[in-house]
Number of protein chains: 2
Amino acid sequence: MSSSGLATDLPAPPYFAVIFTSLRTPGDQGYGEMAERMLALAGEQPGYLGVESARGEDGLGITVSYWRDEESIARWKQHAEHLVAQARGKRTWYEAYELRVARVERVASLRSRSTAAARR
Amino acid sequence: MSSSGLATDLPAPPYFAVIFTSLRTPGDQGYGEMAERMLALAGEQPGYLGVESARGEDGLGITVSYWRDEESIARWKQHAEHLVAQARGKRTWYEAYELRVARVERVASLRSRSTAAARR
């Protein structure tokens, strides 16, 4: 992930995206710390390519993580610490979520104006 | 789209997702009005299935729209009013973006606890 929050340094497609859209339950209940830990841990996994994440004022959050292949996603899903987080998520942190696994087929980009200017 | 902001009433996969991740330029400059219009207009297009959108305090926005097939996405891309909005987006509203077209292959859901309870 670049410092901007956009995942700009990924390889050419095809690769995979996990689109995780969620509504939180009220209060933190340890969520913030665990979310930070999971982002760091995901970043260490084989096949991890990057992540983009946003949560709006209405409480809807979208996190898209990118992976080399489906095997990498399946391995991360079964990671021991991640399994604990998933169980707490279902029990405590999430009111509702949708998790979609998708194969990215093509990409179009607009590069940062300031960055583009700096490169000239 | 359901009132919660989660797209929960989609057909079974496969279908397509357009993952649009962006950083805005400073100020509104007509963006809010146009974004609202584009969401409404997209919702009227053939093959449109739903949308999920969030923008965080750091300015990173993620909008994922869902479509029946690639033809629907191509048609929406070429819609006259949308073409005008795309041009203004590149020129004025976006500092940078990544747009990814992906084929959704599987979905897992956690349904709203309150909704689930009401259904019992």
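## Basis

In this predicted model, local features need pLDDT of at least 70 and side-chain atom pairs count only at pLDDT 80 or more, while totals for chains, interfaces and linings use all residues; side-chain values use heavy atoms, with hydrogens and water left out. Residues are numbered from 1 along each chain as its sequence is written, and chains are lettered from A and ligands numbered from 1 in the order in which they are written.

## The interface between chains A and B

Contact (heavy atoms within 4.5 Å) involves 50 residues of chain A and 50 residues of chain B. Between them the two chains bury about 4,100 Å², with 52% of it on carbon and sulfur atoms. Buried area here is the accessible area (1.4 Å probe) that two parts lose on being put together, summed over both.

The count of residue pairs in polar contact between chain A and chain B is 25, both residues being at pLDDT 80 or more. A polar contact is a pair of N or O atoms within 3.5 Å; within protein, one must be able to donate a hydrogen and the other to accept it, and residues adjacent in sequence count only if both atoms are side-chain atoms. On the side of chain A that touches chain B, at least two residues each come from E1, E2, strand E3 (60–67), H2, H3, E4 and H4 of chain A. E4(A) gives the largest share of that side, 17 residues. By class, the side of chain A that touches chain B holds 24 nonpolar, 13 polar and 13 charged residues. In this scheme Ala, Val, Leu, Ile, Met, Phe, Trp, Tyr, Cys and Pro are nonpolar, Asp, Glu, Lys and Arg are charged, and the others, Gly among them, are polar. Helices (H or I, at least four residues) and strands (E, at least two) are DSSP runs, numbered from the N terminus.

## Salt bridges between the chains

Side chains of opposite charge can pair when their charged atoms come close. The rule applied is a side-chain nitrogen of Lys or Arg within 4 Å of a carboxyl oxygen of Asp or Glu. Six salt bridges are found across the interface of chain A and chain B, and the count over all chains is 14.

One of the salt bridges joins A:Glu70 to B:Arg106, with the closest N and O atoms 3.1 Å apart. A:Glu70 lies in helix H2 (residues 70–77) of chain A and B:Arg106 in strand E4 of chain B, so this pair joins two chains. Both residues are partly exposed, A:Glu70 at 26% relative accessibility and B:Arg106 at 39%. The class covers values between buried (under 20% relative accessible area) and exposed (over 50%), with a 1.4 Å probe and protein chains only.

A:Arg111 and B:Glu98 form another salt bridge, at 2.5 Å from N to O. Because A:Arg111 is in the loop between E4 and helix H4 (113–119) of chain A and B:Glu98 is in strand E4 of chain B, this pair also joins two chains. A:Arg111 is partly exposed at 34%, whereas B:Glu98 is buried at 2%. A network of salt bridges links A:Glu52, A:Arg111, B:Glu98 and B:Arg100. B:Arg111 forms a salt bridge with A:Glu98, the closest N and O atoms being 2.5 Å apart.

## A salt bridge within chain A

The side chains of A:Arg37 and A:Glu81 meet at 2.7 Å, N to O, in a salt bridge. This pair links distant parts of the chain, 44 residues apart: A:Arg37 is in helix H1 of chain A and A:Glu81 in helix H3 (residues 80–93) of chain A. A:Arg37 is partly exposed at 36%, and A:Glu81 is partly exposed at 29%.

## Two buried loop residues

A:Thr25 sits in the loop between strand E1 (15–24) and helix H1 (31–42) of chain A. At 11% relative accessibility it counts as buried. The A:Thr25 side chain reaches the backbone oxygen of A:Thr92 at 2.7 Å.

A:Gln45 is in the loop between H1 and strand E2 (48–55) of chain A, and is buried at 16% relative accessibility. A polar atom of the A:Gln45 side chain lies 2.8 Å from the backbone oxygen of A:Leu41. Leaving aside neighbours within four places in sequence, A:Gln45 is in contact with A:Trp67, A:Trp76 and A:His79.

## Helix H2 of chain B

In helix H2 (residues 70–77) of chain B, the residues B:Ser72, B:Ile73 and B:Trp76 are buried. Seen down the axis of H2(B), the buried residues fall within an arc of 100°, so they line one face of the helix. The arc is that of the directions from the helix axis to the C-beta atoms.

The cover over these buried residues includes strand E4 (94–110) of chain A. From chain B, it includes strand E1 (15–24), helix H1 (31–43), strand E3 (60–67), helix H3 (80–93) and strand E4 (94–110).
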